[in-house]
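Biologist: I would like to learn how to read salt bridges in a model, and I would be glad if you took me through them step by step.

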Number of protein chains: 2
Amino acid sequence: MRGAEPARDPLVVFTPSGRRGRFARGTPLLAAARQLGVDLDSVCGGRGLCGRCEVRVVEGVFPKYAIRSQADHASPPSPPEERVPGRGGLENGHRLSCHARVEGDLVIDVPPGSQVHRQVVRKPYQSCDISVSPVVHLHTVEPEAARPEAPRGDLERLLDALAREWQLEGLTCDPQLLTRLQAALRAGERAVTVAVRAGREIVGVWPGFRDRALGVAVDVGSTTLAAHLCELASGAVLASAGAMNPQIRFGEDLMSRVSYAALHDGGAEEMTRAVREAVDALVARLALDAGASPDDVVELCLVGNPIMHHLLLGISPAPLGQAPFPLATDRSVTLPARDLELAVHPGARAYVLPCIAGHVGADTAAVLLAEAPWEHEGTTLLVDVGTNAELVLSARGRLLAASSPTGPAFEGAQISCGQRAAPGAVERVRIDPDTLEPRFQVIGCELWSDDPGFAAQLGSVGIRGVCGTGIVEAVAELFLAGLIDRNGRMDGALAARSPRVVPDGRTHAYVLHRGDPELRITQGDVRAIQLAKAALYAGARLLMNRLGVARVDRIRLAGAFGSQIDPGYAMLLGMIPDCHLGSVSCAGNAAGTGAVMALLDADARAEIEARVRSVEKIELALETGFQDCFVRAMALPHASDPFPELSKRVALARSRERTAGPVRHRRRGRKARD
Amino acid sequence: MRGAEPARDPLVVFTPSGRRGRFARGTPLLAAARQLGVDLDSVCGGRGLCGRCEVRVVEGVFPKYAIRSQADHASPPSPPEERVPGRGGLENGHRLSCHARVEGDLVIDVPPGSQVHRQVVRKPYQSCDISVSPVVHLHTVEPEAARPEAPRGDLERLLDALAREWQLEGLTCDPQLLTRLQAALRAGERAVTVAVRAGREIVGVWPGFRDRALGVAVDVGSTTLAAHLCELASGAVLASAGAMNPQIRFGEDLMSRVSYAALHDGGAEEMTRAVREAVDALVARLALDAGASPDDVVELCLVGNPIMHHLLLGISPAPLGQAPFPLATDRSVTLPARDLELAVHPGARAYVLPCIAGHVGADTAAVLLAEAPWEHEGTTLLVDVGTNAELVLSARGRLLAASSPTGPAFEGAQISCGQRAAPGAVERVRIDPDTLEPRFQVIGCELWSDDPGFAAQLGSVGIRGVCGTGIVEAVAELFLAGLIDRNGRMDGALAARSPRVVPDGRTHAYVLHRGDPELRITQGDVRAIQLAKAALYAGARLLMNRLGVARVDRIRLAGAFGSQIDPGYAMLLGMIPDCHLGSVSCAGNAAGTGAVMALLDADARAEIEARVRSVEKIELALETGFQDCFVRAMALPHASDPFPELSKRVALARSRERTAGPVRHRRRGRKARD
């Protein structure tokens, strides 16, 4: 005869993790989850205030666990569960795990919204998934009241409560928060909420219960700043905004700002002040847009090219202006946001992504993080075109990075009729190979210049110049129309065929638009684009040679120019290596995306820091063969060049050349006077 | 037959540590010392620049180690040893351990001056030994030059060098120093010197070799600030200076400053700004006095009472103004000096000693550190008299602390003719029991008022008021002369005997000095001193009761008042408990001494932090019996009181009372109208 088995404690299984254990009746589900290490969120510490620990009781028989789970195996709903904040009560079967207690066997599902670490999709600014694993977490606690017979400091009573209620031991606290803590403890409520960073450091304090901590990701570009305000726990983007970089008054391009720093006493400090003020104003604007306060911001993540990175941190960019272009640091930098003069929460921290090399910045690190090329098989080339083109080649578990000295032509600078991509700039160009007449599109107007109603819709925006993508398309179309040859030489003889071709100094130019200002593409403009595209192509080629790959499988074009350029034109001009055209795509504002990812995800920071360390940094100027490759890349490609993917396109171009005479051999270009 | 023993490596013995080991010939002595963990200093890292690693070869036969040590068992002197900095060459037998190499058995003495941790005696400001175990240490290194083919950041090349040359791994660096590092690496010298704090964090950077890092200890008093500039490695005090606390314009005493903070919007911030500016100016002055720069200062140590502590740190003192007087923190606080708006080295850190309780501050912690009462057998009472009297009783391994509400009478405040201890203040008083005529001494003049030439020497200083010690002596002398009785009542009948006794409202006063201003000791003044001394005595008594001791073995009087008061008068008035008069002594500026000790010695910081945590904090107002004890302590003691040590003194007083009539019984004092 066997005696009755002793009654066993109920079994609780959490999904999706599958973690399980037996718990005494009366154990809160939250306590059970914590004991098992289940990823289950909570801010209020079991006070039924935050609703973050919501779970669902899964009903049914589970042979795998030999249990039946049913709703009444948990304690009856408690009053706090009936007034869950902002949700109008819990759905059927849903419970607050801090209040629901084990009364029998249970299968408990933790929905994604109740996990601290999660995947969320953030459509507003990009399309890829972002993981959320916040660096900063909120905890509400009730420190003991001060007692005269056992005097302890405010901070020490807070730390006691954090250890008691949250098992957070050995925390430090930014001394700048002591005043906030003092006020919070005396604000009439027993509870205070603190923001704990990396499980180690108190960086925020507020009176009472609080459910929301905000972060800001900023891409500090040399022309524009772009920023996103995010809720750190959910990853929600609450507001996005951009602003001009006020440093432009010290120099349009990066090198002129480096010169300003080098030539003017206090010049770097002036530029540092300017960019910090702009970031601060942007954060204030984002907060206003989102109905929040800059004081809610406890974490920032900043990226920028090396010069922006240095100026933001108050470091002179002068050494970056000459070889060997040494960075002040190639690690990530974490510092109090107040040291960047940002008026956010007094304990807020700013995290600045690492720069990769003297010409390849934290913005490229952010692109790398957003693109994660190592997750793709085959060879991926990332191209971020700005004043320089940053190139990262990923293949065979290796990452190679370089900066190619394209100069600012792709930004519309150093082009006779060039201007930044802004309303009024020509951005798309087509030239009829028969009539040699152009048509174009202007930023700020959806119609083509030969569409009816174009002038009306354009209105006061006017036609002001040609931006980077416009000049690239114009040069490609001049080539396709036979107006320039493979060496880029403009065919003056065509002046006889079209009044658009006009003498211009000792060469000829093509008049794209007659008006004020008149927009003409000069021989010099064509040369500038040839130099820029040759630098970009040669850089990519060199990286491929170093890695021993003959072709790339994917090309991702990042940055403002990269997101506007038509990949077909880019390949037609020979800007980028040969690649299946369908595999050339735009990465959008990948630097901004990467900054948001690093803001929201501690693991992403660790990953990109490790990746940046592993990047092989190539200084193109030192590579033997770069100069040769660069010179050879000056010509526009033709079908006999090793660009199979281009054959069709160039053949098309050839077929259109019927009115423009035969393409000259590139050797002859050397003899031309231009 | 036994083969020849293989030749063994030479034995090197270091004294005084006795550490020893065998080392291959050619090993530098510094390397041998490091391998054995011998405490031997070096800044330049073996470059023969700093002279800190000087040792002495001890010659002779040492049977204990079975070796003979002689000078030529070390390599011959090298050129750097012949130009040791600032010493005009090495003494005979002395060597730089970085350049002298092992060639045979050696006994090497490490003199105190070459040890990192050492005892030094600093006479200039106090008499006790101070240990030096610096929190910050200098290291000179030569980072590799930046190489374009292997780009690494400035910081990373520095960290590599620190790991390579000094085995310092995993250091962090204050981002504010990146600009300094950048400039230092480009200053034309390969070497840079860094200050490393606690072996973990880079807090200072300078170009080239550098041998001196400075620290400042500041005692932030409510009336005056006192600061000492020290060389961190040697412990030498290079300059000392004091300044008025500019917060005085917001209120003479502490409570009026608390009120100012509570009643004026931004009042606390104003006071914070004022005291920080004053500290900053003081640091600048000290640096100037010592021929140094504030930029050389990498470490500060600050102490102050709880209200000064809070205001310095930018924390509101308002909660300290009412029960339960909670501190914002009772830990030590370490923060960047820039967060205190101090213009010192950009990476400098400020260490603020812990406060003990709401009324017992970091200044008392510093007194405790300087006095180390736990090192004495028996019972020690520390008394630091300011606006309140801080009391610490040490016995039987326990420490009890309390603050006694003496009010500011001992500082000369709330006394009709009172003033701060400053030139022109009467500080010593004698009254002739026969003639009832006074004589006195004034701060700023060495003569007594009845000495010939007094007026001439006093000159323009004049006689302005009576400071704390002056009023204490005046009251004691009035008692000794029979002008007041044990209850403090002034005997108006004596007006008949002396024109010094004059009617004053409904009571009488004693005219100490006829002039402008006339200085008179009123009945109210006597009462104020009685209240103050009763509070002090009752506080001490309560601590003794709590600890179960009937008498104390030692009394140490700290602070400005404590260092001026004559212990005999203090005991005669019944300010302090009975104690052998020879065991009552002045601790000088013990708070300043403690601040210097904590500045120079990392171990002292650990010790005082642990001691402060162990202190039993007594809130006198909550102690049953305090009120009774206080009331009983109002009377002036007589021989029948349990003060054996006083018997002689009071008997003396009695013998002088012959002209003043019998002392009234204290019960009768209640009936007097005053």
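Biologist: Is B:Glu341 buried, partly exposed or exposed?

Modeller: This is a predicted model, where local features need pLDDT of at least 70, side-chain atom pairs count only at pLDDT 80 or more, and totals for chains, interfaces and linings use all residues. Residues are numbered from 1 along each chain as its sequence is written, chains are lettered from A and ligands numbered from 1 in the order in which they are written, and side-chain values use heavy atoms, with hydrogens and water left out. Buried means under 20% relative accessible area, exposed over 50%, and partly exposed in between (1.4 Å probe, protein chains only). B:Glu341, at 48% relative accessibility, counts as partly exposed.

Biologist: Which side chain does B:Glu341 meet in a salt bridge?

Modeller: Side chains of opposite charge can pair when their charged atoms come close. A salt bridge is a side-chain nitrogen of Lys or Arg within 4 Å of a carboxyl oxygen of Asp or Glu. Here B:Glu341 meets B:Arg276 (2.6 Å, N to O), and B:Arg276 is buried, with a relative accessible area of 9%.

Biologist: Which side chains meet B:Arg338 in salt bridges?

Modeller: One of them is A:Asp339 (2.9 Å, N to O), and this pair crosses between chains. Another is B:Asp174 (3.0 Å, N to O), in a pair that links distant parts of the chain, 164 residues apart. B:Arg338 is partly exposed at 24%, whereas A:Asp339 is buried at 11% and B:Asp174 is buried at 3%.

Biologist: How many salt bridges are there over all chains?

Modeller: By this rule the count is 62.

Notes: Helices (H or I, at least four residues) and strands (E, at least two) are DSSP runs, numbered from the N terminus.
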